[in-house]
Each structure stands twice: as structure tokens, then as C-alpha cells.
Amino acid sequence: MRVIVLGAGLLGVTSAYFLRQQGHDVTVIDRQATPGAETSFANGGQVSVSHAEPWANPGAPLKLLKWLGREDAPLLFRLRADMRQWMWGLQFLRECTPARTRHNIRHIVRLGTYSRDTLQALRRDLGLEYDQRTQGILHFYTSQKEFDAAEAPAQQMRDLGCERHVISADEAVRLEPALRHIRPQLAGATYTAEDESGDANLFARELAARCVADGVEFRMGHHIIALREAGGRIAHVEVTDDEGRYQRITGDAYVLALGSFSPLLVKPLGLNLPIYPAKGYSVTMPVKDASMAHQVSLTDDEFKLVFSRYTSEQGDRLRIAGTAELNGYDRDLNQVRCDAIVRRVEQLFPGAGDTAQAQFWSGLRPATPSNLPLIGQSRVPNLYLNTGHGTLGWTHACGSGKSLARIVSGLAPEVDFAFVGAGAARSPREALAPLAQ
Ligand SMILES: Cc1cc2nc3c(=O)[nH]c(=O)nc-3n(C[C@H](O)[C@H](O)[C@H](O)COP(=O)(O)OP(=O)(O)OC[C@H]3O[C@@H](n4cnc5c(N)ncnc54)[C@H](O)[C@@H]3O)c2cc1C
């Protein structure tokens, strides 16, 4: 089959790789000059099965109310005259019940575990190098209340096979000595030894290069204008190339992997995807004093920040990422938020990073209300979805790409997940088909 993959972010590239492995003739289209140049550019780097608690959980509505209007809030709704934002917000509230939260965690952990295994196999088979670290993820708490509340989800994750262990503050400092400065404030931590980190952008570019070597065509610098339907199927996509020339590109099947822009392109087809952009920030800085910098990938529960460290011959960098702002497609860097991140880094690891050389970035997470991505066949039979990965697009990329390629090829996915459409019918789990209507 000739398959057209729309988007060359993490999800488009992994889809293309696994589709090619299934023997398809694959073309990837993206408006940027290189793969992974939008939301997959400078994320937090964590491959975190343990980070399975969705934003929507029983404690979220109260916290969101408290944070409304606070410029440095970890999760900020900027209410707009935007029907899509309000609808998304209502669906988000529906996902906050204990039952929905448990359901969503179950599916996020399953896809995460499968995806991490798939990433590890790919790294082994292809010899990929992307500044990866396999020292686990340590999630630390500075609030006793939040630490106590972490026990139940950690237990649920262990029941689901994700070995997220609750550890004392002293054990946390033993695992990551760089935490010694905040030892007096530490209430405790959880540690997941199997989780990893790595530069997602480097991974996307490395895997794209392998795809090209395998015969996948990348049409970069091509702006997708519309998907045209005829006889109930996608007939072609319309694009303009890097010189503004109009083209039609035709395939047997199409994979929608346009991140936060996915809903905009399929709206004219009558598909309402519950995806809304959640802007996040990252800061990247060279390591100044290696003895003060963390080695293990970390999650700071209080500030909702994740910390990774990328070390290679090209240099030693700290990457700190987090915060979420629901404010449409705006990507402006808010200085208050940038300063708050740098302040926190200095507080935790004084002198570790060269803050004078800090590079700030923002990206739009394609967020669904449940945190579950939309993977599978849409109502338009030759249009497939691999989008809506929100906070966990790097963690879920390889498992989503492989599952999507199997669904397009008429094979059952290898993981029990809430796939959409016909993919759902093939694997024994609760379907989320109505979401993709
Ligand atoms: C601050 C931050 C921290 C994060 N940290 C982590 C983390 O630690 N771990 C984790 O697992 N996940 C993390 N994520 C989430 C992860 O980065 C995303 O889920 C993932 O990058 C989404 O990939 P994607 O391929 O769906 O979207 P994208 O990477 O945005 O790819 C979509 C592609 O579509 C192209 N495109 C869009 N519209 C058009 C058009 N009209 N024509 C042509 N091309 C188009 C874009 O150019 C882009 O390349 C983080 C995200 C942010 C913002």
C-alpha cells in the first residue's frame, strides 16, 4: 500500500518506520525543514511509564481553581472565547472521577510499558544513540500531603506491572546525591528503575535517517492545506511546497500525526478530535559544575518540572521542562514562567548549570482530556490517527507507531489499549471510538 504520513514529529516518524517495516511504500509530509522540529523539538526527555497519572484526576478541579490567573501556576487555564477550549474543559472535568482516572492510568501504563520495550528493542537493533540514560526516574516530593497521596497511584502502577517504588528522602539522596541541598525539604520520593530519558529530537532525526535509508520519502518544507474526501474516503491531500507551488499527493491510506494541529485539518471532514494545545516550556543549559548536576532523570512534584541530562561528546546539557498553559495556539515565551524555572533549578542544584546561556523554548502538547492518545482508524476508512499524545508523546511514540502500523496492515496490535475505530474491534479492550467521531 502507498501510505502518506502527515507530520514528521515523533509520532509521524515512528509511524513511518514501522509502516515501512510492514512493507508499505511510505511518504512523510511536513512543513518544517527537519523532522521533530515542533513539539518534538525540546521536550523533557523522559521515557516515563511511571508518569501515568493524568492531569485529569479527582484532585485536579480544586487545584485548577486555586491556580486560575496565577502566572507561575504549573497548569493554567486562560479562559478564552473559544468553544473548543470550553468543550475540552468540560470533557476534562468528566475525566476527573476516580473511576475514569483509574481507567486512564491503566491504559497509559499499558501503552507506556509496551512503548518503552519497543524503544529498547529498536535501540538495540538499530544501534541508535540519542544521549540516552538508563538510570531510572526519581519523582521527589516536598509536600508531605502530596507524598502521602502518591502511595495509591504508585501501588496501582505496581499492580499494573510498572515497578514504581515509594522510597524515603534519605534513599532518594543516596540514589541522586545532587538532591542533598534540598534534603531538609524532601518528604520522600518514588523511584522507577526501568524508566529512562534521552533527547527525543535527536532520536526523531536519527530514526528518520534510518527511514530514508530504508526507502521512506520525506517531503519536508511542504505545508498541508487540506485533506480532500471523495466517495467517503480521502482522495488526496493538498500541499504547497517550499517554493509555494501547489501539489496534490495521493495514497491508499493516510496517517494523521500533526500534533496539536491535527483537529484543524480534519474538522472540514466532520471529525471533531478532542485535542487542545497545552503550551509547555523548557530550558536547556550547559552544565557548569558537573559535581552539582543530577545524573538520574528527576520529576519535581511541587513545581511539576522534569529534569534530564544529556551527555555526549558534543557536550553536557541540562534540560528542564514543564508547566502547561491552555491558551490556544499562542507560543509566546512568558518571562515570568521562564524565570520561575531557572530560579527552581538554582534552588535545587546551585551552580550546576550555566544560567547565562539558558535557551528557552515553548511547545504545544497535543492534549486530550483523558491523556489517552487517539490511535487507530477514523470514521473515514482510509484515514488513520496517531495523535493527541499530550504529556507523554516521547514515552508512547514507539509503541504507538508500531501499533498504528499493525492496524493499517490489518494486524492486531500487540498491546491491550483503548485504540479507536476498527483497531479497537481487533483488540480486546474498551473502545474509545466515539471520541474520534
Ligand atoms: C514542555 C514539554 C515537555 C514534554 N516532556 C515530555 C517528556 O518528558 N516525556 C514525554 O513522553 N513527552 C513529553 N512531552 C510531550 C511530547 O513532546 C509530545 O507529546 C510529542 O512531541 C508530540 O509529538 P507529535 O508528533 O504528535 O507532534 P509534533 O512533534 O508537533 O509533530 C507534528 C508535526 O506536524 C507538522 N505539521 C503541523 N501542521 C502542519 C501542516 N499544516 N502542514 C505540514 N506539517 C504540519 C509539524 O511541523 C510537526 O513536525 C513534552 C512536551 C512539552 C511541550
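I started at β9, where T27 has E217 as its bridge partner. Before going on, I noted that this is a predicted model, with local features needing pLDDT of at least 70, side-chain atom pairs counting only at pLDDT 80 or more, and totals for chains, interfaces and linings using all residues. Residues are numbered from 1 along each chain as its sequence is written, and side-chain values use heavy atoms, with hydrogens and water left out.

I checked the labels next: helices (H or I, at least four residues) and strands (E, at least two) are DSSP runs, numbered from the N terminus. Strands pair if DSSP finds at least two bridges between them. β2 and β9 (residues 217-219) pair in the parallel sense, over three bridges.

Then I looked at β1 (residues 2-6), which pairs with β2 in the parallel sense over five bridges. R2 stands opposite D25 of β2. From β1 the chain crosses through helix α1 (residues 10-21) to β2, a right-handed β-α-β crossover (clockwise from the first strand over the helix to the second, with the strands pointing away from the viewer).

Is β2 buried or exposed? Four of the five residues of β2 (residues 25-29) are buried, so I have this strand as largely enclosed by the rest of the structure. Buried here means under 20% relative accessible area, exposed over 50%, partly exposed in between (1.4 Å probe, protein chains only).

Last, I turned to α10 (residues 397-408): eleven of its twelve residues are buried, so α10 is largely enclosed too. Among the buried ones I jotted down C398, L404, R406 and I407. After α10 comes G410, with a positive phi near 80°.
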